[in-house]
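Notebook open. I am going through the chains one at a time and writing down what I look up.

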Amino acid sequence: MVRMRSLFAAVMLASIYSLLMAAIFVVLDAVDVAFTEAAVGAGISTVLMLGTLALTTNREKDPAHKPLLPLLVVTITGAALIYGTLDFPAFGSPDAPVHSELSRRFIEKSGEEIGIPNIVTSVLASYRGYDTLGETTVIFTAGIGVAFILWRQRRRHKRKGGRKT
Amino acid sequence: MTGIFLTDPITLSVAIPALGALLIALGSRSPNLRETMTLLTATALAVNVYALLPDVLAGGRPATAWFSILPGIEMAFRIEPLGMLFAAVASLLWIVNSVYSIGYMRGNREHKQTRFYVCFALAIAATMGIAFAGNLLTLFFFYEALTLVTYPLVTHKGNDEARKAGRVYLGILIGTSIGFQLLAILWVYASTGSGTFSDGGLIANSFTGAPVGLLLILFIYGIGKAAVMPVHRWLPAAMVAPTPVSALLHAVAVVKAGVFSVIKVAVYVFGLDLLAREASADWLFYAAAFTVIAASIVALRQDNLKRRLAYSTISQLSYVVLAVSIYNPIALAGAAIHIAAHAFGKITLFFAAGSIYTAGHKTEISQLDGIGKRMPITMIAFAIGSFSMIGLPLTAGFVSKWYMLSGAYAAQHYLAIAVIVVSTLLNAAYFLPVIHAAFFRKESAESAAHPHGEAPLPILLALVTTASLTVALFLYPDPAIALAKMLAGI
Amino acid sequence: MKHHLIPRIVARLLLPFILLFGLYVQFHGDYSPGGGFQAGVIFAVAYILYAILYGLAEVKRFLGDGIVRFLAALGVLLYAGTGVASLFLGRNFLDYSALSEDAVFGQELGIWLVELGVGITVFSVMVMIFYAFAGYHGIGDIEELED
Amino acid sequence: MAWLAPYNYWIFVFLMMIGLYTVVARGNLVKKVIGLNVFQASVILFYVSMGKINGGTAPILTGDPDTVYSNPLPHVLMLTAIVVGVATTALALALVVRINDAYGTVEEDEVQEMDRAS
Amino acid sequence: MMFVTAAVALLVTMALALARALLGPTVYDRILAVNMIGTKTVLLIAVLGFLNGRPDFMDISLLYALINFTGMLAVLKFIRVGHLGGQEEPATEPVELPESNGEGGRQ
Amino acid sequence: MNPLLANIVGHFPILQVVVPLVSAPLLSLLAFLRIRGLAWIVATLVSLITTVIAASLLASVWGGKVISYEVGGWAAPWGIEYRIDTLGALLLLIVASISTVTLVYGRSSVLQEIPEDRHPLFYTAWMLCVAGLLGMAVTGDAFNVFVFLEISSLSSYVLIAAGKRRESLTAAYRYLILGTIGATFFLIGVGLVYMMTGTLNIADMAEKIVAVRDTRAIKAAAAFLTVGLALKFALFPLHLWLPGAYTFAPSTVSAFLAATATKVSIYVLLRFDFIIFGQATPVAGLHFSQFLMPLSLAAIFAGSIAAVFQTNLKRLLAYSSVAQIGYIVLGISFANEDGLTGGIVHMFNHAATKGALFMAVGAMVYRLGSAELHDLRGLGRRMPLTAFSFFLGGISLIGVPFTAGFISKWYLISAALDDGNWPIAVLLLLSSLIAVIYIWRVIEVFYFTPPPDGAKTREAPAVMLAMVVLMAAATVYFGLDTRLSVGAANEAARILLSGGLL
């Protein structure tokens with residue numbers, strides 16, 4: 001994906017990436033996440049990207065500079081994370097600190113406290129309902145933002161090229 | 001937090017000129033109104049300051065505090081003898097200088113006169129703040145304020161040269177004060193938890209050895225207004241300013257604020273005993289001595305009258321520092337008196353220079369041949385000022401030099417005596433030829449082609465006043481000496 | 001795509017089912033994966049599908065810019081309003097237990113409401129964004145669309 | 001799914017590096033956005049991985065008391081993160097469209113060139 | 001066992017399709033490959049559901065199928081008219097295929 | 001009586017955020033209803049209400065109290081907790097009051113710079129930004145920080161892109177990319193801490209982190225959180241987005257963002273570093289001194305020196321912001337009481353100062369249409385009050401006595417001396433001198449160059465001018481009366497040093 005020159009192909013592959021990710025999320029029991037990732041990553045994002053390509057261009061030029069600095073940055077970041085992973089609790093271990101009383105309570109109590117079986121929904125909408133309000137606001141912000149940025153500019157001349165103000 | 005009481009005379013000393021500035025600004029439409037305001041304010045201030053004098057002479061130490069800037073650090077004021085002396089000199093000379101300014105500014109049709117008078121008044125307000133400051137931070141605040149409000153005065157002409165000079169002025173003064181002085185102040189606060197000026201020295205008990213010398217370096221070079229070499233460059237640079245400004249800068253407010261701060265810090269922060277005790281503080285004498293001699297030599301070579309006066313100022317300022325650095329009470333009294341003596345003398349000289357410029361548009365010494373006949377009053381005043389600089393009897397300069405020499409003798413500091421004597425000769429060497437040329441040489445042909453008379457009346461009035469004051473301080477020096485002795489504790 | 005009859009017909013046939021599926025995801029989210037967000041996306045996708053096949057002008061006839069923006073705001077307000085309602089009923093913000101005598105039912109009701117809010121917002125924002133992109137005509141594109 | 005076990009986090013790191021590299025190194029503004037997507041998706045993988053319990057199942061109550069459920073909390077967080085991701089993408093792409101409009105290109109180098117020129 | 005075999009077979013198919021998507025060379029190869037991967041994912045998720053013993057998550061597969069369909073239509077429209085909204089008529093001129101823009105008529 | 005009204009003060013923590021949050025969709029409805037003129041009024045009123053709430057919250061936590069509010073009625077680790085201490089409340093007050101002032105100020109400017117039919121959406125984005133920033137300051141939940149961080153970020157991208165020139169688009173895009181990387185790094189950091197502690201509540205994290213204090217994962221988490229947030233608050237060398245963003249955003253937006261946005265991110269870093277990681281390792285041994293201190297010094301010098309060479313006033317101020325952020329971080333990196341007080345008080349003072357400066361520049365742009373120094377010659381004549389306000393802000397930036405900037409520098413240098421760190425004290429003073437240079441360049445242009453021919457005295461509209469003067473007066477006021485700023489900062493510093501457990 002990194003070395004592609006056609007942006008269209010890159011978008012297609014990004015879509016595939018999303019689909020595969022979603023499949024992996026199913027494997028990891030995160031069905032809700034998979035659901036969302038599929039809908040967003042493969043659906044909305046792809047449509048948006050295509051919309052952008054339609055309005056801009058499909059070609060990508062070869063980068064002029066040597067990507068040494070980015071490579072360094074990325075390597076350092078990766079190394080920091082790998083360094084961190086060495087101490088991670090074993091994958092899938094039920095004793096990991098993540099599966100502490102916090103999640104245990106959600107699993108055990110949400111049924112009676114909230115009354116619906118999908119724990120993810122209970123946590124999402126009730127225990128952490130405030131996060132979800134924020135999430136809705138984020139989406140709202142994006143909508144307002146896109147509408148604001150791509151506001152119809154009717155009296156635009158057909159002149160090509162940069163316009164200075 | 002203490003409230004600000006406008007009825008308090010100390011607060012009034014700062015508030016009168018500040019309010020005056022406001023009134024002057026409001027009166028910008030009418031020159032007459034504006035100048036009346038200036039004079040009224042100046043008089044009101046002088047009355048206010050001199051009303052404080054008897055109390056201080058009687059041993060009173062009026063004090064007030066405005067409010068806390070930071071927890072535990074107040075804007076506080078306390079009048080001690082030195083501050084009283086400084087304030088008395090500055091407020092008196094402001095009246096004279098205002099009269100002179102009116103003549104000068106009108107005579108030369110200067111632009112932006114309102115800004116000039118406003119900044120002038122503000123500068124005096126800051127000077128009063130410096131004079132009466134009760135702690136290091138308050139002193140620093142007004143010190144910086146003084147730099148800022150005098151900047152527009154220095155760049156008054158508004159041309160490239162003035163801007164360049166303004167940059168040097170601001171760069172050196174702000175640079176040294178923030179770079180060194182603030183650091184020193186913070187150091188004092190960090191190690192003593194206080195910055196209040198106290199008799200006997202604030203840090204006398206908490207500093208010993210090398211740090212004393214280091215702190216002294218930070219203070220001496222941090223107080224750039226004292227113009228100890230090599231931070232003197234702002235002074236000649238600021239010569240581009242109109243003459244009343246030069247007079248203010250070089251005789252009254254700015255440079256005196258510098259040496260005043262030096263004395264104040266030496267006496268009330270370090271304490272003379274500490275300085276005399278610590279070998280690490282001895283360097284000050286050499287720095288001052290070098291400046292005295294070097295600046296005099298440079299002055300010899302200047303043809304521009306104002307530049308010569310500027311280097312003379314540098315040299316004279318370092319007399320004060322030199323007197324302090326003898327670390328002897330009598331010499332210290334001499335230093336205090338020299339603040340007043342030099343102020344009267346030097347302002348006379350500058351007024352004379354301005355008078356020559358206004359009347360004859362001459363700026364160079366080589367043009368002054370025979371001018372004494374055309375402008376006798378000016379040149380006689382100039383001669384009086386010069387004599388005071390040299391330290392001849394019948395002028396104020398003699399009194400201060402007398403005390404300095406006695407102090408040096410008492411401290412058996414023969415090197416100091418030698419420096420003072422040598423520099424006196426140098427002073428004579430660069431002042432007497434001017435007087436000689438003015439009175440005894442024949443006028444050049446070019447000058448004769450452009451005849452002119454004396455300067456306008458306000459200028460002459462001011463000139464005569466300051467010249468007489470210079471003489472008066474010799475004949476009746478008691479209040480000044482009393483204050484100086486109180487300061488030195490003798 | 002006037003001449004591409006097959007996709008058009010298929011889409012038209014498919015549309016009701018997609019909408020039904022969306023409704024299922026919206027209101028069955030308590031029992032199975034899904035919820036307001038996913039349902040909103042599904043609705044939006046269905047709508048976008050329709051728009052792609054029949055053209056922007058066609059769909060804007062029954063869901064104009066203004067209405068979409070109104071719906072987007074409405075969704076957020078519904079969510080926040082549920083929270084504010086619980087404030088007015090004397091509980092903390094978003095404490096759905098306040099919504100009913102029975103705390104558990106209150107929770108269910110609250111979740112139903114906020115999920116609805118999320119769904120509405122997500123749907124309308126997605127449509128809004130699609131409109132903005134598909135309807136954008138900058139330099140060189142003079143096609144004028146009715147509002 | 002034990003075969004995924006130890007490598008899962010490394011895959012996350014690897015994907016993150018690819019994404020980040022694309023964002024930082026690529027000059028094409030659209031490509032950067034794609035990279036951003038990859039980058040964000042990798043973080044989702046990280047969170048979801050930490051929620052997994054061996055032998056667990058999706059956190060939807062079955063009624064069987066012996067069922068082991070994977071941790072639902074990371075899933076909740078990631079739902080939010082995905083939404084944030086798509087919001088960012090939409091906004092970024094809108095900006096790209098406008099930039100293309102104003103500069104006639106979506107290459108960072110060329111845009112910078114023009115900015116410098118003006 | 002049966003499900004495992006099925007899952008592995010699906011993965012292999014997906015890998016092959018992925019290779020096609022990466023290699024191209026024409027747009028239509030890629031589209032077809034993407035579509036195929038989508039379909040296989042639908043199946044894979046269904047199979048995984050049985051493998052995990054929670055076959056009730058078929059919703060996700062449904063969603064996949066739906067998204068795949070819509071996505072494909074969007075892609076096709078993009079290729080045909082180069083614009084997602086508005087224009088109903090296909091451009092009268094043969095529309096440049098995106099691929100040919102960048103790589104100079106490799107098809 | 002209605003139970004809400006009966007206990008409205010008790011609900012202030014949530015109302016603080018919810019009021020602007022709800023106002024945003026309402027404002028967008030105004031666009032739908034085509035009532036455009038109302039948008040500004042509503043936004044300003046709402047902003048005023050939030051300011052009142054913030055002031056009341058600060059009053060009620062004064063003296064080291066902590067307010068906790070359980071959103072959704074779920075107790076702390078299960079639900080999301082709002083937790084307000086002095087520092088948070090101070091931030092709230094900064095954000096809310098600056099928002100109010102800039103809104104009042106910006107009415108004419110926005111009318112001029114943004115087409116009127118877009119106003120409701122502009123103010124919607126504005127209120128969302130305010131809500132996001134406020135949300136970050138009050139929340140006690142690590143993930144909730146991320147959500148509100150994104151709300152504020154997304155809306156600020158939009159606000160920046162609203163600039164008139166096309167460069168504003170690239171500036172917004174660049175900010176978006178770097179901001180998203182930062183936010184994602186932050187998310188990774190939070191994930192790592194969550195993984196090791198199993199909780200998302202900040203106070204709870206602080207307790208549980210003790211058990212895993214020496215793990216590499218926690219160290220990596222600290223690194224990621226710091227870098228992520230540093231990207232958001234533009235610590236050198238991660239400041240690349242800032243100059244463009246502040247230069248090309250609409251004047252009002254520049255003023256608001258420059259005064260508030262970066263501060264809130266620094267605040268989040270403070271909480272994570274002192275309250276969470278402070279438990280894991282002794283505070284002094286944190287990565288601060290080795291890592292943040294050199295960076296902040298580099299920021300101070302790089303920013304100041306870059307500012308010296310700018311010809312556009314807005315860009316000059318933007319680079320100066322980079323330097324000022326360096327001061328704040330430097331204070332924090334001392335990790336002693338004076339240093340923290342200095343850093344926090346500088347957040348406050350810098351908000352006032354930069355607000356005043358950017359507002360003054362906005363007034364100039366309003367009248368003259370340009371912020372190029374060349375076009376501002378003789379401004380002291382043409383717009384005397386604006387120029388004077390700029391002067392006051394400028395000397396506060398230098399740190400001249402009688403101004404807010406001096407107070408900050410005083411504490412920072414005291415902290416350096418307390419620390420025995422002489423060189424830093426000297427460097428700090430040196431950096432002030434660079435500030436003298438770049439501010440004085442401007443002052444010279446304003447006062448000591450003649451205005452171009454035909455220029456008339458024409459100040460900005462009265463309201464705009466009044467707000468500029470108000471902010472300039474504030475920088476002087478807070479240089480004289482420091483009870484609010486230093487008092488709160490000092491208290492906050494003590495709370496942070498005690499791990500938030502005062």
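How many helices and strands does the secondary structure of chain B come to? I count 20 helices and two strands in chain B. Helices here are DSSP runs of H or I with at least four residues, strands are runs of E with at least two, and both are numbered from the N terminus.

Ground rules next. This is a predicted model, where local features need pLDDT of at least 70, side-chain atom pairs count only at pLDDT 80 or more, and totals for chains, interfaces and linings use all residues. Residues are numbered from 1 along each chain as its sequence is written, chains are lettered from A and ligands numbered from 1 in the order in which they are written, and side-chain values use heavy atoms, with hydrogens and water left out.

**Chain B, overall**

I looked up the extent of the C-alpha trace: about 70 × 55 × 45 Å along the principal axes of chain B.

Of the 490 residues in chain B, 66% are buried. Buried means under 20% relative accessible area, exposed over 50%, and partly exposed in between (1.4 Å probe, protein chains only).

I then checked contacts, meaning heavy atoms within 4.5 Å. In chain B, 81% of the contacts between residues at least 6 apart in sequence join residues at least 24 apart.

Chain B exposes about 15,700 Å², and carbon and sulfur atoms supply 66% of that area. Accessible areas come from the Shrake-Rupley method with a 1.4 Å probe; for residues, only the protein chains shown count as cover.

**The strands of chain B**

How do strand 1 and strand 2 of chain B run? They run antiparallel, joined by five bridges. Two strands pair if DSSP finds at least two bridges between them. Strand 2 covers residues 73-78. A65(B) stands opposite A76(B) in strand 2.

The two strands of chain B form a hairpin with two residues between them. In the turn, G72(B) has a positive phi of about 85 degrees. Strand 1 (residues 63-70) has six of its eight residues buried, so it is largely enclosed by the rest of the structure.

**Chain C**

I find five helices and zero strands in chain C. Buried residues make up 59% of its 147 residues. For chain C, 58% of contacts between residues at least 6 apart join residues at least 24 apart in sequence. Its accessible surface is about 5,400 Å², with 69% belonging to carbon and sulfur atoms.
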